[in-house]
Amino acid sequence: MYTVLVVTAHPDDMEIACAGTLLKCKERGDRVVVCHLSSGNQGHEVIMPDELRTMRAAEAQKSGALGGFEVMWGGFDDLEIYDNKESRDKVVRIIRKVDPDFIITHDPDDYMPDHVATSKLVFDACFTATLPHYDMEHPGKSRLTPVYYMDTLCGVNFNPTEYVDVTNFIDKKLEMLNCHESQIVWMRDHDNIDFPDMVKVCCRYRGFQCGADYAEGFKQCQVYLKGTTKRYLP
């Protein structure tokens, strides 16, 4: 039984890229904690940011409840996740509080600034969190933690090194994604796509690569002290 911490930029990023894997983690008895760093308050053509912030929090809680996940927030708004000490310290405190066995987050070569900043902050914070004399106002020390990068949107510039068969969880994954009603509208109006269909097709594509009906792809962060002989992904 493991504790897995997923750090995303926005509500719905988890459902897109790794909800099936997390549902599989829950099935084996893991504790799953999802932290959305940003409120997602800019993700609509019509709804204003203050109203959308509240809506997206409710959507994320509804989805998290379906999966049996704990949901946390980082306290940022969209496009306000910066690679600086204040932001890193927030992530350090999240990691120390959760004390995960492994972390899943965005790929450092993703498509938008919040995703890229989140990836960098997690990389920096999961080392910083191990230093016992850092941030003495919030003392503690976490373990050295393996980090897995989840797929980019539509898999652009992402070549998985590990796959998780999510065939038995694809319907639940899409049910969770559909909780984010504001974003289904946003993606239709802003990007001209059927969001749930796109996500299902991408999982099917990853499935073709690994011999499953549906799959999610990951890359392990391969740097000193983050390698492991264990298979943490289910």
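Helices (H or I, at least four residues) and strands (E, at least two) are taken as DSSP runs and numbered from the N terminus. On this basis, the chain contains eight helices and seven strands. The structure is a predicted model, in which local features need pLDDT of at least 70 and side-chain atom pairs count only at pLDDT 80 or more, while totals for chains, interfaces and linings use all residues. Residues are numbered from 1 along each chain as its sequence is written, and side-chain values use heavy atoms, with hydrogens and water left out.

The radius of gyration, taken over C-alpha atoms, is 17 Å. This value agrees with that of a compact globule of 234 residues, which would be near 17 Å by the rule of 2.2 Å times the number of residues to the power 0.38. The C-alpha trace spans about 50 × 45 × 30 Å along its principal axes. Of the 234 residues, 56% count as buried (under 20% relative accessible area, with a 1.4 Å probe and protein chains only). Of the contacts (heavy atoms within 4.5 Å) between residues at least 6 apart in sequence, 79% join residues at least 24 apart.

His 36 lies in strand S2, which covers residues 31-38. Its relative accessibility is 1%, and His 36 therefore counts as buried. Beyond residues up to four places away in sequence, His 36 touches several others, including His 10, Asp 12, Val 71 and Trp 73. Thr 8 is also among the residues touched, and its side chain makes a polar contact with the side chain of His 36 at 2.8 Å. A polar contact is a pair of N or O atoms within 3.5 Å; within protein, one must be able to donate a hydrogen and the other to accept it, and residues adjacent in sequence count only if both atoms are side-chain atoms.

How values were computed
Buried < 20%, exposed > 50% of the residue type's maximum accessible area, 1.4 Å probe, protein only.
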